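Student: Before we look at anything in detail, could you show me how to read the features of a model such as this one?

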Amino acid sequence: MAGKDDKPEAPQAAEAVATPGSRVRRAKAAQTAPGSTPAAPVQAPAEAAGNEAPAAAKPARRPRTTAAKAVDAAVTDAAPAASAAPASAAKTGKRAAVKRARGMPRTDPRTVTHRKPAARKTALAEAVAPEAALSSPAAAAEPAQVAAPTAETGAAAPSHSTAAFLEAAFGPGSTLPEKLVQNIERIESLTQRLISALSLRKPKNPGVEGPGADLFTTAASAWVKLLAEQPERVMERQVSYWGETLRHFAEAQAALARGTLSAPPDEGPKDRRFANPLWERHPFFNFIKRQYQINAEAMLQAASDLDVTEMTDRRRIEWFTRQMIDMMAPTNFLATNPDALEKALATEGESLVKGLENLVRDVESHGGEMIVSLADRDAFRVGENIGTTAGTVVARTKLYELIQYKPTTEKVHEIPLVIFPPWINKFYIMDLKPQNSLIRWIVDQGYTLFVVGWKNPDPSYGDTGMDDYVSAYLEVMDRVLDLTDQKKLNAVGYCIAGTTLSLTLSLLKQRGDDRVNSATFFTTLTDFSDQGEFTAFLQEDFVSGIEQEAARTGVLSSQLMTRTFSFLRANDLVWGPAIRSYMLGESPPAFDLLFWNGDGTNLPGRMAVEYLRGLCQQNAFVRDGYELMGHRLNVRDVDLPLCAIACETDHIAPAADSWRGIAQMGSRDKTFILSESGHIAGIINPPSKKKYGHYTSTAGFATDFTDWRAKSEFHPGSWWPRWGDWLAGRSGGEVQAREPEEGFGPAPGSYVHERS
């Protein structure tokens, strides 16, 4: 492999050289001359010329170092043209040497930093191919440029790019294990796959990617106002931050001087991100952690100091500030994550390669989007090891499948039960494994149970709206009553399906239809006056972006909703899983609940916009009424017996907000149960686990949720049996068990298998 110096000298290079600067320019000219041939080893000018140069042209000379001679020899030996030169070329060797000597720039001894010969590196040495340098006699006397494992040592020889990487990363003479060399080769191919996968990402409307300019303008204006009106406050905060940072650095320096570095007292709650003992013991990691905490505190204080009168803007600024703080945590970066570094060293880089494989897989499976997989996608098969409760699809339309489950008791309650699950996710959250299946438990209690399996819409459903879903509710009720030969039924609505059930009940009330005997609401919102943690996403900039995106694509994509919901709990659902998967190289767990969480569905475009604008933004259902199907629907129309279950730590449908909507319903027979845990785990809480308890209260709905909570009583264990007793009292007598008729195939149906 020829280097850039394997070229003939330019004619001007043979002239006498008076200054080092001239030699540099002529050496460059020689290097770039086309069709050049290699120079001979450098010799002293006087020897090569055979006579003595004028005194004025004989500057003081320094002896050639061993390293410089080795480099020159390497260039000569590495040049392919040298071995093929005719015999006559040997006669002109001395003259070529003169040219070489005069073309070489000299180093001024007054400005150079002297190093050991073995460590000297020149531009010429960089130009020589590593394999050529290793094969030359001169280079053999020096340390090898790249001593990666070879076939002789049992390791595969690295490629040229890998060898260059090894030399740059670990220096000359490095010897690396075979496994590490192979891992570096795998990284190269995975990087190409990652680039290809990222190119699959479809462009989205900028309005769904971040807040609009209005929020930035509001924050900037508030800061300028604060600076103009209270400059001393701004400087006080800044000086306080500087002082805290300098004090932290001084304390670390003093501790290092003593040979120890003890952790500062942690006065706040324990942070699971810093569980590794090295965050306390290791000087570097302890310093990084404490500085991150100082920075986070300063950012939160700065956001809090802004003079923002509009509470919505204030909450958004504080929310996005927390997102930035979480994003910049030292645990999110390899260089400052001791867990990832320890594992990378212990596995000789294998953990990082597996992490890159996980990243590539996620990007490929999500169409170019970087969405971390929370569970092993190959561990579960719906209808095989989850969603296995026996039943039959007894009806199918463009929008839904209706499943009737096979009874497990000889007698069942007279009044049937139908569950409307949310169409943001799939219904088998209520039918995971047999031991935590709510559907199986209900069937075992002696109920004729029907469950709706919603269609996962594609762009052709773009014009499907809230009226289509309410119409589907009415159709389902008709089919259930026909199949059971009953006049009444009990209904359950979960999350957004509970909100839509409330709309349907209001419509039935205004029509004078009393087919629904009782209603149960799981984590349901009907009053959106407090938007809670969704405040950041329910403002005009985001909703307008969603509206434009839905108009363009026909749907609100499941990937976009998954990202939105995940960032409500970023450390648990984004950064934590990303660290485990991409930096530690761990495979996602075989966890059925997280598997379901990653199996999202699209929303029809029109329905999504109607829900966000009419219900969430305008809160019309509890104010002036929500216009639908020729009626102005209102929450106060819901006056039948009802039971609502909310969850204590629910961040999607907060318990206080759920309680407030139930309190405004017109029913006199209202029961409210508060389960421990969150939006999913609080509902999917079988009695056999005895993990989470629940609360009931005699306070009623006359005051507020705070009063209800203060007067509540705790009950250990699941709320399921308590609700079962409530439902049994409103389900009539017992009749012979009803077997599903022949339909459209077995449960869980076909719509549930459709992936976004």
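Tutor: Let us begin with pairing: two strands pair if DSSP finds at least two bridges between them, and strands (E, at least two residues) and helices (H or I, at least four residues) are DSSP runs, numbered from the N terminus. This is a predicted model, in which local features need pLDDT of at least 70 and side-chain atom pairs count only at pLDDT 80 or more, while totals for chains, interfaces and linings use all residues. Residues are numbered from 1 along each chain as its sequence is written, and side-chain values use heavy atoms, with hydrogens and water left out.

Student: Which residue of β2 does Arg396 stand opposite?

Tutor: Arg396 stands opposite Glu401 in β2. Strand β1 (residues 391–396) pairs with β2 in the antiparallel sense over five bridges, and the two form a hairpin with three residues between them. β2 also pairs with strand β5 (residues 449–454), again antiparallel and over five bridges, and there Glu401 stands opposite Gly453.

Student: Why is strand β2 described as largely enclosed by the rest of the structure?

Tutor: Burial is judged by relative accessible area with a 1.4 Å probe and protein chains only: buried means under 20%, exposed over 50%, and partly exposed in between. Six of the six residues of β2 (residues 400–405) are buried, so the strand is largely enclosed by the rest of the structure.

Student: Which way do the side chains of such a strand point?

Tutor: In a regular strand the side chains alternate between the two faces of the sheet. In β2, Tyr400, Leu402 and Gln404 point one way, Glu401, Ile403 and Tyr405 point the other way, and all are buried.

Student: How many disulfides are found in the whole structure?

Tutor: A disulfide is a pair of cysteine sulfur atoms within 2.5 Å, and a search of the whole structure finds zero of them. As for individual cysteines, Cys495 is buried with a relative accessible area of 17%, and Cys616 is buried with a value of 4%.
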